[in-house]
Structure formats: structure tokens, C-alpha cells
Amino acid sequence: MLITYTILYNCSLSFGKLIMKISIISSSHRKNSQSKKISDFIQCDLLKMNSNLDIFSLDLAEVSLPLWSTNKKTGEGVWGDTWNSISKNLDNSDGFILVVPEYGGMATPAAKNIFLLCGNGEFAHKPGLIVSVSSGNGGSYPVSELRSSSYKNTHIMWIPENIIIRNVEEFNPGNHGNNIPDWLDNRIDYVLNLFLSYTHYMSPLRKIINRKDFGNGM
Ligand SMILES: Cc1cc2nc3c(=O)[nH]c(=O)nc-3n(C[C@H](O)[C@H](O)[C@H](O)COP(=O)(O)O)c2cc1C
């Protein structure tokens, strides 16, 4: 098990020094949320794997984007510089990590909203990793909801692995609480390495994408 993991880790490092841009989106509605805590942890972990990564961290609770409406077309207020800067950062990203808490057995409205707001191909044909969090034993519903409903027009490519962090308040690497299993840290590192690999190997594919004629899914 340890040998397998070491091989995988070293494989990813062999191409891991390439510069890639990764966006980490925390989709809690609460400032200083558990999702932001996990986003910050993931950012540190990714940079330990590849210090050349360019990371864009977006906390949807801090930016408080309104729900999508026709006003977005006017480019006024938040839809001016604020949105343009976010959209540009996402557009320049090679891969996405969405940290999503379970609210009422669902993905958060902020998580769903960002998929409506990104209508210009920001996510298109780029790998995405879902990291769901729950203060209890939940966390699976946002995964299944996002896998079934977020990709049609955005064309995000959720990778087949995801991470669920249950009892998230006890998550504290090096000093986890009793309800965080010992294997979780290794699993997270494995999935993050895999995600970086997908991000690297999928990028040439985008050359053949025709969004002009086939911008929305069927
Ligand atoms: C409105 C609301 C609804 C919630 N519903 C669920 C739920 O259905 N399942 C669950 O496991 N946890 C639920 N929780 C608890 C969250 O998992 C927990 O508060 C988690 O820390 C939220 O992440 P955040 O701090 O990033 O917002 C809910 C929390 C809130 C605020």
C-alpha cells in the first residue's frame, strides 16, 4: 500500500513542476466557514506537491455574488469589475476544486449559482474535483447532485474520485479528532495527486473543443 502510494506520488512529481492554474472555490454561505478551512488546507497541500501552481482561491461567502438574473448582462455594479475579474481567473484556470457543504441534503445554492453565472465556458472541458463537507455523517448528497446536474452547459469534467470530509469540525491535520479516520490524509493526498494528473493530461484536449457551434450540452 505504502509502495503503491509512493510510486503514484513520484509519478505526479515528474510532471508536477509544470505551471498550472487551479481554482479552489469554497461554496459555503458562511464567512470563516468549515469549507474555507478545508479550501485553505487543500491549497497548502497542493503547493507542497507543486510549488509552481498558480492558485486562485474564491470564497463565495466573502464575495456574496447575487443569484443569476438578467441584470448580469448590464455589467453594472458587481457584474462589472468584480465579476469580470472572477470570470477571468476561472477562465484562465486549468482545473477546479469545489468545496461544498451539505445544506438540507443538497449542494448549497451558492454552489449551484456559480454554475449558472459561468456561462462563458470558464469551466468547459476542464477537470473538477468535488470535496464535500459535513459536520456530521452527511456529505454524499452534494456529490450526487453536482455529478448529475452541474455539467450540462458548463461542460465541467468531474473526475471519478471525490472527497467527503465528515465531522469536519474535528479535521485538523496532525491532530484530528476521534471521528476522523486515520486513512483520510493519505486518501486526500492520493486524490489531489490524481486531480493534478487529470488537469495536466486533459489540457491538450481543449484544442479540439468547438464552443461556438456546440456551446451548450444536449
Ligand atoms: C442551513 C444548513 C443546513 C444543513 N444541512 C445539513 C445536512 O442536510 N446534512 C449535513 O450533514 N449537515 C448539514 N448541515 C451542517 C453542515 O454540514 C455544517 O454546518 C458544515 O460545517 C457546514 O459547512 P460550512 O461551515 O462550510 O458552511 C447544515 C448546515 C446549515 C447551515
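This report covers the ligand site and the nonpolar cores of a predicted model.

Residues are numbered from 1 along each chain as its sequence is written, and side-chain values use heavy atoms, without hydrogens or water. Local features need pLDDT of at least 70 and side-chain atom pairs pLDDT 80 or more, while totals for chains, interfaces and linings use all residues.

**Ligand site**

The ligand is surrounded by 16 residues, each with a heavy atom within 4 Å of it. The closest are Ser 28, Arg 30, Ser 35, Gly 105 and Ser 134. By class, this shell has nine polar, four nonpolar and three charged residues. Gly counts as polar here. The table gives polar contacts, pairs of N or O atoms within 3.5 Å.

| Residue | Protein atom | Ligand atom | Distance |
|---|---|---|---|
| Arg 30 | polar side-chain | oxygen | 2.6 Å |
| Ser 35 | polar side-chain | oxygen | 2.6 Å |
| Gly 104 | polar backbone | nitrogen | 2.7 Å |

On its own, the ligand has 610 Å² of accessible area (Shrake-Rupley, 1.4 Å probe). The protein covers 71% of that.

**Nonpolar cores**

A core joins buried nonpolar residues through side-chain atoms within 4.5 Å; buried means under 20% relative accessible area. The largest has 27 residues. Among those touching the most other members are Ile 38, Leu 46, Ile 97 and Val 131. Several DSSP elements each supply at least two residues, including strand S1 (21-26), helix H2 (34-49) and helix H7 (184-202). H7 gives the most, six.

Beyond its neighbours within four places in sequence, Leu 46 is in contact (heavy atoms within 4.5 Å) with residues including Ile 22, Leu 53, Ile 97 and Leu 196.

Another core, of 25 residues, lies apart from the largest one. Leu 58, Leu 65, Phe 123 and Trp 158 are among its members.

Conventions
A polar contact is a pair of N or O atoms within 3.5 Å; within protein, one must be able to donate a hydrogen and the other to accept it, and residues adjacent in sequence count only if both atoms are side-chain atoms. Buried means under 20% relative accessible area, exposed over 50%, partly exposed in between (1.4 Å probe, protein chains only). Helices (H or I, at least four residues) and strands (E, at least two) are DSSP runs, numbered from the N terminus.
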